[in-house]
Amino acid sequence: MRQQEREAFFESMVKAYGTKLYNLIRSIVLNHDDADDLMQETLLKAWKSLESFRNEASYATWLYRIALNEALRHQQRAALRRRFLLAKPAQSNTAPSADQTESILSAALQTLTARQRSVFAMHYFNSLSFAEIGQLLHVTEATAKATYHQSAIKIKQYIHQHAEN
């Protein structure tokens, strides 16, 4: 592929999947600035690896996998930092306002394991099928579906508990 064709192809991929990739990353890391940084890392890795793409999966699946790996690596590093800092979030005894709803959802997502959060984000926010999620995560479609439903139950329970406080 010539350089000009490569650039045009990559630009079309970013236009087609950029928002979905960002939403996947953001739903895992829950922070806009971190998501922006990870999106740049994802695109940089994809650009550098474009010539070695093996056509074993679609370009979309390949991009999602790169984004997912970047987000999960970030979460692993953040978890290590939190262990050393032992920081506790401030607790509030008031019912959540409209402004607090996003933080409650973010906190609910944080209660999930990295895999649960990934599956939930890919299906709920990015509308990927369970078959696509299974392919991305190297699990069966049934496992992806079960993981999604377990995640949804945990999120509902968390929201119900914390919306009442």
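Mentor: Let's start with burial: of the 165 residues in the protein chain, 36% are buried. Buried means under 20% relative accessible area, exposed means over 50%, and partly exposed is in between (1.4 Å probe, protein chains only). This is a predicted model, where local features need pLDDT of at least 70, side-chain atom pairs count only at pLDDT 80 or more, and totals for chains, interfaces and linings use all residues. Residues are numbered from 1 along each chain as its sequence is written, and side-chain values use heavy atoms, with hydrogens and water left out.

Trainee: How many helices and strands does the protein chain have?

Mentor: Helices (H or I, at least four residues) and strands (E, at least two) are DSSP runs, numbered from the N terminus. Here there are 7 helices and 0 strands, so the order from the N terminus on reads α-α-α-α-α-α-α.

Trainee: What share of the contacts comes from residues 24 or more positions apart?

Mentor: A contact means heavy atoms within 4.5 Å. Taking the contacts in the protein chain with a separation of 6 or more, 69% are between residues 24 or more positions apart.

Trainee: Now the inside. Which residues have the most contacts in the largest nonpolar core?

Mentor: A nonpolar core is a set of buried Ala, Val, Leu, Ile, Met, Phe, Trp, Tyr and Cys residues joined through side-chain atoms within 4.5 Å. The largest one here has 42 residues, and L24, I25, M122 and I133 have the most contacts inside it. The elements giving it two or more residues are helix 1 (3–29), helix 2 (32–49), helix 3 (59–85), helix 4 (101–110), helix 5 (114–125), helix 6 (130–137) and helix 7 (141–164). To see one member up close, pick M122: leaving out residues up to four places away in sequence, M122 touches L24, L68, S127, L128, I133, L136 and L137.

Trainee: What does Q116 touch?

Mentor: Q116 sits in helix 5 and is buried, with a relative accessible area of 10%. Again skipping residues up to four places away in sequence, Q116 touches T147, Q150, S151 and K154.

Trainee: What about E56: which partner does E56 have?

Mentor: E56 forms a salt bridge with R54, the closest N and O atoms being 3.1 Å apart. E56 is exposed at 62% relative accessibility, and R54 is exposed at 62% too. Elsewhere, salt bridges that share partners join K45, E70 and R73 into one network.

Trainee: Which residues are closest to the centre of the second largest pocket?

Mentor: Picture a 1 Å grid over the protein atoms alone: a pocket is an open set of points with protein on both sides within 12 Å along at least five of seven lines, and lining residues have an atom within 4 Å of a point. This pocket has a volume of about 380 Å³, where volume is the space filled by probe spheres set on the points. Of its 16 lining residues, R54, E56, A57, W62 and R65 are closest to the centre. Helix 3 gives the largest share of the lining, 5 residues. By class, the lining has 5 nonpolar, 7 polar and 4 charged residues; Ala, Val, Leu, Ile, Met, Phe, Trp, Tyr, Cys and Pro count as nonpolar, Asp, Glu, Lys and Arg as charged, and the others, Gly among them, as polar.

Trainee: Where is N55, and is N55 buried or exposed?

Mentor: N55 is in the loop between helix 2 and helix 3, and N55 is exposed at 58% relative accessibility. Look at its backbone as well: N55 has a positive phi of about 60° although it is not a glycine.

Key: 1 Å grid on protein atoms, 1.4 Å probe; cavity = no way out; pocket = protein on both sides within 12 Å on 5 of 7 lines; lining within 4 Å. Salt bridge = Lys/Arg side-chain N within 4 Å of Asp/Glu carboxyl O.
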